[in-house]
Amino acid sequence: MPGFLKKYFWDVDFSRLDHKKHSKYVIERLLELGDIKAIKWVFRNFATLAIKNVLLRSSNLSEKSAIYWSNILNVPKVRIRCLQSEFQKTHKVIWPY
């Protein structure tokens, strides 16, 4: 992975991070935190379908990011896990802030 992405993966050993093996983690992190350069890298290195699948199944995207990417990728909000009321109730119990 290119060095300019290292700042987004401060919590892992970047030199061992394999974007193919850890694709869900990489896509999720960059959709949430990435700048335009990082996002362009995501779309060059992953199929749109793979990105959509991460969006649909993610439990780590913020509501704001999930709504933004649902609009960009034309994914119905009702299909995105982290936007469902059942998930949000559980998520708030775990993170009460």
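**Exercise 1.** Leaving aside its neighbours within four places in sequence, which residues is Arg29 in contact with?

*Solution.* The model is predicted, so local features need pLDDT of at least 70 and side-chain atom pairs count only at pLDDT 80 or more, while totals for chains, interfaces and linings use all residues. Residues are numbered from 1 along each chain as its sequence is written, and side-chain values use heavy atoms, with hydrogens and water left out.

Step 1. Contact means heavy atoms within 4.5 Å. With the neighbours within four places set aside, Arg29 is in contact with Tyr8, Phe9, Trp10, Asp11 and Gly34.

Step 2. Arg29 lies in helix α1; helices (H or I, at least four residues) and strands (E, at least two) are DSSP runs, numbered from the N terminus.

Step 3. The side chain of Arg29 reaches the backbone oxygen of Tyr8 at 2.7 Å.

Step 4. The charged end of Arg29 sits over the ring of Trp10, 4.6 Å from its centre. For this term, NZ of Lys or CZ of Arg must be within 6 Å of the ring centre and within 35 degrees of the ring normal. The charged end of Lys37 likewise sits over a ring, that of Phe4, at 4.4 Å from its centre.

Step 5. Between the C-alpha atoms of Arg29 and Leu61 there are 8.1 Å in space, and the two are 32 residues apart in sequence.

**Exercise 2.** Determine whether Arg29, Ser65 and Lys6 are buried or exposed.

*Solution.* Step 1. Buried means under 20% relative accessible area, exposed over 50%, and partly exposed in between (1.4 Å probe, protein chains only).

Step 1. Arg29 has a relative accessible area of 14%, and therefore it is buried.

Step 2. Ser65 is also buried, because its relative accessible area is 10%.

Step 3. Lys6 counts as exposed because its relative accessibility is 52%. Lys6 belongs to the segment before α1, and its C-alpha atom is separated by 9.8 Å from that of Leu17, 11 residues apart along the chain.

**Exercise 3.** Which members of the largest nonpolar core touch the most other members?

*Solution.* Step 1. A nonpolar core is a set of buried Ala, Val, Leu, Ile, Met, Phe, Trp, Tyr and Cys residues joined through side-chain atoms within 4.5 Å. Of the 26 residues in the largest one, Leu5, Phe9, Leu30, Leu55 and Ile80 touch the most other members.

Step 1. At least two residues of this core come from each of α1 (23–33), α2 (36–45), α3 (48–57) and α4 (63–72).

Step 2. In α1, the buried residues are Val26, Ile27, Glu28, Arg29, Leu30 and Leu31. The buried residues of α1 pack against α2, α3 and α4.

Step 3. Phe9 touches Met1, Phe14, Leu17, Tyr25, Val26, Arg29 and Leu30, not counting residues up to four places away in sequence.

**Exercise 4.** How many aromatic pairs does the structure hold?

*Solution.* Step 1. Rings of Phe, Tyr and Trp (its six-membered ring) pair if their centres lie within 6.5 Å; planes under 30 degrees apart count as stacked, over 60 as edge-to-face and the rest as tilted. The structure holds 5 aromatic pairs.

Step 1. The rings of Trp41 and Phe46 have centres 5.9 Å apart and planes at 80 degrees, so this pair is edge-to-face. Trp41 and Phe46 are both buried.

Step 2. One aromatic cluster is formed by Phe9, Phe14 and Tyr25.

**Exercise 5.** How many helices and strands are in the chain?

*Solution.* The chain has 5 helices and 0 strands. Of its 97 residues, 34% are buried.

Notes
Polar contact = N/O pair within 3.5 Å; in protein donor to acceptor, adjacent residues only side chain to side chain.
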